[in-house]
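Colleague: I have a structure open and would like to go through it with you. Can you put it up?

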Amino acid sequence: MSANGIRIHVAEHGPADGPLVVLLHGFPEFWWTWRHQLRALGDAGFHAVAPDLRGYGDTDKPPRGYDLWTLAGDCAGLIRALGERRAHVVGHDWGAAIAWSVTALHPRLVRSLTALGAPHPVTMRDAVLRDPLGQGRASRYMAGFQVPRLPERSLRAGRGARVEAIMRAWAGPEWATTADFAGAVARNREAIRISAVAHCALEYYRWAVRSLFRPEGHRFARAVSGPVGVPVLQVHGADDPCVLDTTMRRTRRFAGAGFDHHALPRTGHFPQQERPERVTGLILDRLAGTPG
């Protein structure tokens, strides 16, 4: 499917005339992270669509465009390409940052916003800068991604072994011992070895850090800093080592039309996979309660 100047690969389930739900994945994953929700939402009558983000999976991997301006445009373009006027947008990790961005920059296209495992991008920026011993320390892995070439090599080395190390470090201990976790790791290790994926995935982080010190980043922060006019559901793993729950809760100030925050106990950075039934239930409840 073509949108915003690139070809985007999507997985979809459910009736084509059902309300559209767009599911945006994070790092180091691809559309398959939504396998549980994709099936459940489609079976419930929604048109559930999970794209590979720009630079991931079978989606195009251009040399540029890994900033939140462009990534929000990809999501907006996808909604239009699917022939819909509005969609429910659900995102995890980087997908959550994109979901917040598209809701702020293209508000007429979004019916509701659900964010998992990452706060509003301005909340994250402020927390890293103002809480260096808290969120700054939790985000220190991003600094290692700024070095050219070496991080790409490390992600691909050993048939993607570092992807497993990252997921094991970020996941809750209960999920990390399951066959489902092993299957997710195997698929993501394979996906990171697709040509150019490692580089493109790291470009997201490089833009995020560069934008802290560049006018473009300050313009973006101003553009998305107003409260959004749709209901917001936020789901977070209470044991997530990457994003502190205190950081997630500070996002409330950007939710002008209602805000529900759920911190799931014994859950790490991947709640949609670690607690699929609970997360799917929360999403379905939100969608059912959102006016058409």
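Modeller: What follows covers a helix, a glutamine and some aromatic rings.

Colleague: What kind of model is it, and how are residues numbered?

Modeller: It is a predicted model, where local features need pLDDT of at least 70, side-chain atom pairs count only at pLDDT 80 or more, and totals for chains, interfaces and linings use all residues. Residues are numbered from 1 along each chain as its sequence is written, and side-chain values use heavy atoms, with hydrogens and water left out.

Colleague: Which residues of helix 1 are buried?

Modeller: In helix 1, residues 35–43, the buried ones are Arg35, Gln37, Leu38, Leu41 and Gly42. They lie on the same side of helix 1, because they cover an arc of only 165° around the axis. That arc is taken from the directions from the helix axis to the C-beta atoms. Buried means under 20% relative accessible area, exposed over 50%, and partly exposed in between, with a 1.4 Å probe and protein chains only. Helices (H or I, at least four residues) and strands (E, at least two) are DSSP runs, numbered from the N terminus.

Colleague: And what is exposed on the other side of helix 1?

Modeller: Arg39 and Asp43.

Colleague: What covers the buried residues?

Modeller: The cover includes strand 3 (10–13), strand 4 (20–24), strand 5 (47–51) and helix 13 (276–288), among others.

Colleague: Back to Arg35. Where does its charged end sit?

Modeller: Over the ring of Trp32, 3.9 Å from the ring centre. The rule is that NZ of Lys or CZ of Arg is within 6 Å of the ring centre and within 35 degrees of the ring normal.

Colleague: New topic. Is Gln135 buried or exposed?

Modeller: Gln135 is in helix 5 (residues 135–138), and counts as buried because its relative accessibility is 0%.

Colleague: What does its side chain make a polar contact with?

Modeller: With the side chain of Thr247, at 2.9 Å. The Gln135 side chain also reaches the backbone nitrogen of Leu244 at 3.0 Å. A polar contact is a pair of N or O atoms within 3.5 Å; within protein, one must be able to donate a hydrogen and the other to accept it, and residues adjacent in sequence count only if both atoms are side-chain atoms.

Colleague: Last one: how many aromatic pairs are there in the whole structure?

Modeller: A search finds 16. The Trp69 and Phe220 rings have centres 5.5 Å apart and planes at 75°, so that pair is edge-to-face. Rings of Phe, Tyr and Trp (its six-membered ring) pair if their centres lie within 6.5 Å; planes under 30 degrees apart are stacked, over 60 edge-to-face, and the rest tilted.

Conventions
Contact means heavy atoms within 4.5 Å.
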